[in-house]
Every structure is written in C-alpha cells, then in structure tokens.
There are 2 protein chains.
Amino acid sequence: MHRRDFLHDGTILLAGLALSRGARRDLFPQHNVDTPPKVNGQRLNATLAQLSRYGSNPQGGVSRVAYSDADREGRLYIRSLMENAGLEVRLDAAGNLFGKSSGRRATEPSILFGSHADSVPEGGNFDGDVGTMSAIEVMRTLGEQRIVTDHPLEAVCWQNEEGLLFGSRAFAGLAKSSDLDLGSTSGKTIRDGTAFIGGDPSHIDSAKRAPGTVACYLELHIEQGGTLERDHVDIGVVEGIVGIWEWTVTVTGFANHAGTTPMDQRKDALLSAARFIEMVHRVVRAERGRQVGNVGQIRAEPGAPNVIPGKVVMSLELRDLESATVDRMYARITDEARTIGAADGTSFAFTPISASQPARCDPRLQQVITTSARELGLSSRPMPSGAGHDAQEVARVAPVGMIFVPSVGGISHSPKEFTKPEDVERGANVLLRSVLAADRLFESAPT
Amino acid sequence: MHRRDFLHDGTILLAGLALSRGARRDLFPQHNVDTPPKVNGQRLNATLAQLSRYGSNPQGGVSRVAYSDADREGRLYIRSLMENAGLEVRLDAAGNLFGKSSGRRATEPSILFGSHADSVPEGGNFDGDVGTMSAIEVMRTLGEQRIVTDHPLEAVCWQNEEGLLFGSRAFAGLAKSSDLDLGSTSGKTIRDGTAFIGGDPSHIDSAKRAPGTVACYLELHIEQGGTLERDHVDIGVVEGIVGIWEWTVTVTGFANHAGTTPMDQRKDALLSAARFIEMVHRVVRAERGRQVGNVGQIRAEPGAPNVIPGKVVMSLELRDLESATVDRMYARITDEARTIGAADGTSFAFTPISASQPARCDPRLQQVITTSARELGLSSRPMPSGAGHDAQEVARVAPVGMIFVPSVGGISHSPKEFTKPEDVERGANVLLRSVLAADRLFESAPT
C-alpha cells in the first residue's frame, strides 16, 4: 500500500524513469530490452530454499502434503512474506491465501497470479513452489520499483493442488460439498484439513469468486517433463492443460494349473494384458501430436507363480489437449483389445473412472507470454501441459496463461526434481512482464 | 490276511480260475481280456463321494488342507476303510498312512501304491482322492477275489502333498528337520500339523524307508490338464514328472510423470515387462515338446495410474522333463530380455527362487501301465506330468510309475475339478492290473 504514495497523476515509476500514461502502451519497446523491471533472482531463490525447509526430507526433497504440519507451517511462512511485502492478506473459506495490492482503478477486476505450495509425498522443491514464490517476488519487485498497475494485483497460494486441485476448484465454484468428506494424503478429510489450515469448510461456497472480479490468471510452473531442457528452450508457453481420461481395464481369461495346461490350451489373462500394454503404446505413438498414454497399475489374479492368471486389472490413462484425439485413440484401443481377446480366448472390459476436459489457455495471454520472453531475450515455444494445474480450474471462470520453465532431466514428483536458479529467475521475469502486459491488455478489453 | 487261506501250492484264484505258477507270466493274455479281476467301480466312486464330505464347501469342492480338522477326519475315514479291508494299518512318524497286505514271500520288498487326500483351499474332489481311494479299492478287490501276490502290497495315503510333498519327502529321507518349522495353509507349522494327524515329528527321521524295502511305487492321479479329454485318450502313461524352475524377474526403468513425459522419453518398466511376457510365451512355444512357462505374478511400482512404472517385479516359471530344455529356454529368455532392455532403456535382473529336478518314471513300469491299459481295451499315450506329485519324491528311492485319467475341461485345484466315474473306474482297473504285473516284473528282477 505504501507504494501508492509514490504515484501521481497517471504516471508510474519504472526503473527510475517516469513515463506518462500515454507512453505505457509501449512500456517495454524492443530497443529498451535492458531497462524493464527485473526480479531479484537471488532473493527469489533464497525464499524458495527457505520454503523447502518445511517438510524437508533427510534424503532430499519435501513431504509437504496438504493439511500436514509442514503444509501449515509453509503457508504461515508464505503469509509472512506477503505481509512483509505490504500486501493485503486474506484467507478464503477454502483456505486459499491471497496477497493483494490495490490497482489505480479500484473497480477493475484483479490480475491474479500464483500457484500452490503443497507437495506429493517425497516430492521436490520446485513443483508449485516456483510459481508461488515468484508471484510474491513479482509483488516485491513492483513495490520496490513503485510500479502501480491499473488493475488490482493478487498473488495466490492455492491449497491441496496435489490432491484434488481443491482450492482452485472451490475458487471456480466447482467444489462439491461431498468433496469435503474425501480423504487426503495427510490422513485428514478435506473438511478437517481445510479447517486445519485456517479455512472455513462450513462456508466453502463463499470461496467461489464472483464473476467479473478476475481479469485473468497467470501461473508460472516447472515443466515436469524434459522437453524444454532437451531442446534448450528457456520458456514454455502453455497452450492448454490436457484433459485426463482414466479407465479400469479388466481382462478375463481362465486360471489354471501352470504345469499341466499345455501352452496352446491357455486363456492367459496376463499374456493378453501384455499384448494390450504394447498395443496402447503403439496406438498412442501412432497419432501425430504430443498426446500420452499410460498403464501404471496392474494386478494379476490369483497371482501365484504356478497358476495361469485368470484375471488382470489394469489402469489406462490417456491425455491430450483435444478430446477428439482421445476419443479416436480410445476407439482404436478398444477395437484392438477385442482382437487380442478373440485371439487369446480372453475378454476385455473398460470401466470409466474419470474424465477431466482439456482447459485452453487464452490465446492473448499466450501471446503476452511469448512477447515477454522475447523481450527478455529468452527463447520460447508453445506446448501443452501434460500435468494438471490449478490454472485448469481457474480457466472455467477467467482467461488463464501458464509459463513453464525447464525441469532438469524432466524429473518431477521426486526428491531429484530440480530447476536451475537462473531458470527460476527467468520464469519470474517473464511472469513480471506478463503481469504488466496483461494490465494493459485487459485495460482496453476487460473480461 | 484271510485271503492266504485260499492259496495252495503256488496257485492263485483268479476270477474263478486256478492258474499254475507257470501260467502266471501270461496271466492276462490278449484273448482273455474279459476275465481279469476288475474293481467295483460303483463302490469306488461311492467312497470318493464319501471322502468329499470331509471339508466340503457350500459352493462345491473341498477345502481339506493338510492338518485341518477336515484333513484329520478324512484320514480317519481312510484308515477305517483300510481296516475294514483287512489291511495291517500303520502310521509312520511323518503321519503317512499305510495299509499292508502280506505277500506270499515275506522277505520281498513291497509294491507300494496310493496318493494323497489333502487339498488346496477351495480345491476339488479328485486331486489325490482318486489315487488314494483306488489304492484301497484295489486292495478290497484283491481281497475279495482272494488274489495273493508274491510281494507284500501297501496302499498309502501321503500327508501334505499340496504343501511341500512333506509326507513323501520324509519317506524318501529328504525332509529336513528345518522343514518342520515351516508353516502350512492350515495355519499350523508342519511340526504341529504332523502331530495333529497322529505323526511323531520328534522322530521324523524314522519315516525314511530303508533301502530295498520298496520294489516300486505306482500312483493313479487325475491329469489336471485337458489333453487326454481333448484327444479322447483314456489313460496317460506318465513318462516323468517335470522339473520346476522359478525365478523372480525385476525390470528397472524410471518412474516419471505420465502426463509430462513424452512417449519417446520414457523408461517404462511395465512396457518392457509386457514385451518380456510375450517373448516368454514365444520362446517356450518355439521349442518342440511339451515344456511350459508361466508368468503368474506381477507388480508395478509405484503403481499409480498417473505415474510411469519405474519398476516391475514378476515371477517366471519354466517346467520340463529335460533340464537341458529349460537351460536352453532360459538362456534365450535372458538373451532376449537384454535386447528388450537395451531398446527400452530398462534393465532386467533374474533371481533364482527354486529348482526341482525332473523325476523319470521307470520305463518298465511305463510298459506295464501301457500293457495293462491295452489289455483292458483302453487307449493310452505317454505324457509328462506338468504338476508335482508324491511319486517324484519316492522316485529318489524306488522305481515309480504313474497313471493319469482325464480331467474334464482340464480344470484342477478348483471346485469345478471333475473326473467322470467311468474314468475313475478305468484308472483303478489299470492300477489293479499294473500292481499284479509289477508283482511279476519285480519277482524276476527285484530292485
């Protein structure tokens, strides 16, 4: 709030330069690439390291699962950073943490940016953390440099991203009251966990943000895949968050004695399952594009070395930005499964488990991020997000944009997860420029 | 014993015909196929049905696991049948049950025949039972028909075949004292279980049969596979009991995010495992012969729908009558696994779990069984036993022969296990003739 004191008559202070309102449309022209505001990369990485202490594991990485003591303590640290940055801090009923700075026009909707701070068990120090700490660093930089935007700005730390994206779902008005009864990795129900971190589960509906109060949402996140690092690209401009479809696949054969049943008289459910797994990989790779498929769980029954498996239960997961691609792959997979079953004397059954629709990133925000990267001298390229993110929930109620930075070795959800400090800094600078560019973008065309 | 009263001067009474000793070598000539002794099939199947009541399950079949109350009660029933047949009943220290009839020559080694009466959990009414009840029926028939052999005859009911072939192992002197500490499906240790059925585990060594006291061992059993029924063959003449080799196969890849890791950058241990399973089936079927292979257990880690499996642990079991065949298949399997691993960026490790050597049936006894079947007008063919049997343990100390009868649908270790009453009767008649033929065989060439 103290920054507002430095603002006069429609000018903003930027890197020591006072610009007239009229000049703001060309705030960071091509020739001025060295002069725009930059975050303090050292400070940013220091706060990331400090956050990593909450729930740190002896073998590296963190276990800061939602609603754990470590989660609560980590969020208190984040809250203190927000307060020290002079932000107006608010916890909503869902337990999402917001740090707000007023914009010049109080009636404008907010530009929202942030991520989460909860981890998977034995996770890493970058998933979620990079986006959350960078949001605060952006706020600190803007405050120090006395830059005031037209829109109010809000840094956010969502709750329980790794579980059910619960915080952002509640924000989008998509959380069901029955969700509160669901368990979480911490052992607490979402209801008890939400109360544990200071939320008010009995008024969860109030966490739903009123339409028109958010101009857009930006999220910086680690890629969690290895393509940016492999191809020496600095910034991923996320085109959208893939939809995720999951099925349980049951193969039924006939359990029999593995010693007395000749090879040509078996109905081996595991042999059919093996053929299925190979086929899934072949079908998914046969499509052009970046769609993925996974069989991650498998159980053979009765499960004895000397008994031919009579039944196999597997998971099947398909992801893509286009639901039509998934429809096409699924049709081919079920078709080929029938052929395998016919040849092996087994049968396949598919039970849908879940289907989350793809969420498109706003094309204008993709352009904002691409331009911001270019102006910073960084290479970028469009890409899908294969993982789910809070942005996919927010996308139901506001335009969203996502910025990816490289994950070393493509490793995530692991103590080995790592993003180089310089890449964290680059991502935060892209976020900073994108926030400022969005402030201009939605000024002329509010949503 | 009372039958001996009917014997005079080297003649035996057979179906009302008195034959001179000299004529016994041609006891059942081809033209006399209707006249040899036959078991009472109806009675045999009635005792089988009675035995099935001990441990019967509401849904069919039995759970008469070794050392259970049902096992003890079933064995008491078998003991009563032996006693009522006038046999000299004895329980050895291992809990094996013998019913003996003296032969004409008291110093001759015994001709031993029988099987077991314990079942797997939710097993069937024929595995083991057919051989045990037929052995007793053979004794009853010989007694009724006042046929006395030169060799003493012993019907046997082994204990805990389904567990560790424990009774026959002790008989062969192969049981280790440490085996007594092992558990069993009943929940009792083998020590406690052996005592529970009347054995004397503290003197388990005394169950070892002195060399030269057994002329040969014959065992009638259900095939437990479907080849005899499929090919309309009445009798299987077992060439030997296959050796069983088991390994644990571990595939190591790299667990990663199933959404963010492109298909061409994965080290998916389950994909490699799928290729391995297909390859094992191909390699085993590529060999001529009746060898079998099975992957019956599989576990993928971490085992989540949205994580690429980083590790897979599987069982591999290979069985054949020739260890050289298994050596050759195993060499090819490990070789091809290396190729799969090299292509997928994964690695394979093989840990030997167990190796039981094949047990050959005595060629003379195979001939005896083949001839007996032919003389009864039954079709037969040589075949391996893919399952383990007490005969494989006895084979370490005496020549053995095994007779198989068809299993409907090849189903075994299941409540659906079934062998037709007429096939049970046929098998028992082959056993009867084989016992008599063995009596002649080992008279001239004792082992």
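Which residues in helix 8 of chain B meet which residues in helix 9 of chain B? The first legend takes up that question, and the others visit further spots in this predicted model.

**View 1. Helix 8 of chain B meets helix 9 of chain B.** From helix 8 (residues 269-286) come Leu271(B), Ser272(B), Arg275(B), Phe276(B), Met279(B), Val280(B), Val283(B) and Val284(B). Their partners in helix 9 (residues 323-344) are Met329(B), Arg332(B), Ile333(B), Glu336(B), Ala337(B), Ile340(B), Gly341(B) and Asp344(B). The crossing of helix 8 of chain B past helix 9 of chain B is right-handed.

**View 2. Chain A touches chain B.** Here 49 residues of chain A are in contact with 49 residues of chain B. On the chain A side, at least two residues each are supplied by strand 10 (256-257), helix 8 (269-286), strand 11 (292-294), strand 12 (298-301), strand 13 (307-308) and strand 14 (311-320). Which element of chain A gives the most to this side? Helix 8 of chain A does, with nine residues. The side of chain A that touches chain B divides into 20 nonpolar, 21 polar and eight charged residues.

**View 3. The buried residues of helix 1 of chain B.** Take a look at helix 1 (residues 41-51), where Leu44(B), Asn45(B), Thr47(B), Leu48(B) and Leu51(B) are buried. Seen down the axis of helix 1 of chain B, these buried residues fall within an arc of 155 degrees, so they line one face of the helix.

**View 4. Leu142(A) and Leu432(A) in space.** Leu142(A) belongs to helix 3 (residues 129-144) of chain A. Is Leu142(A) buried or exposed? Leu142(A) counts as buried because it has 23 C-beta neighbours inside 10 Å, and the cut-off for buried is 20 or more. Leu142(A) and Leu432(A) are separated by 290 residues in sequence, while their C-alpha atoms are 8.4 Å apart in space.

View 5. Pro302(A) sits in the loop between strand 12 and strand 13 of chain A. Pro302(B) is in the loop between strand 12 (298-301) and strand 13 (307-308) of chain B.

**View 6. Positive phi at Leu165(A) and Glu122(B).** Leu165(A) is not a glycine, yet its phi is positive, at about 55 degrees. Leu165(A) lies in the loop between helix 4 (161-164) and helix 5 (166-171) of chain A. With 25 C-beta neighbours inside 10 Å, Leu165(A) counts as buried. Glu122(B), also not a glycine, has a positive phi of about 55 degrees. The loop that holds Glu122(B) runs between strand 5 (110-116) and helix 3 (129-144) of chain B. Glu122(B) is partly exposed, with 15 other C-beta atoms within 10 Å.

Notes. Residues numbered from 1 in each chain as written. Chains lettered and ligands numbered in written order. Predicted model: local features only at pLDDT ≥ 70, side-chain atom pairs only at ≥ 80, totals over all residues. Buried ≥ 20, exposed ≤ 12 C-beta atoms within 10 Å, placed from the backbone. Helix = DSSP H or I, 4+ residues; strand = E, 2+ residues; numbered from the N terminus. Arc of directions from axis to C-beta. Contact = placed C-beta atoms within 7 Å. Nonpolar A, V, L, I, M, F, W, Y, C, P; charged D, E, K, R; others polar. Left-handed = near helix turned anticlockwise from the far one by under 90°.
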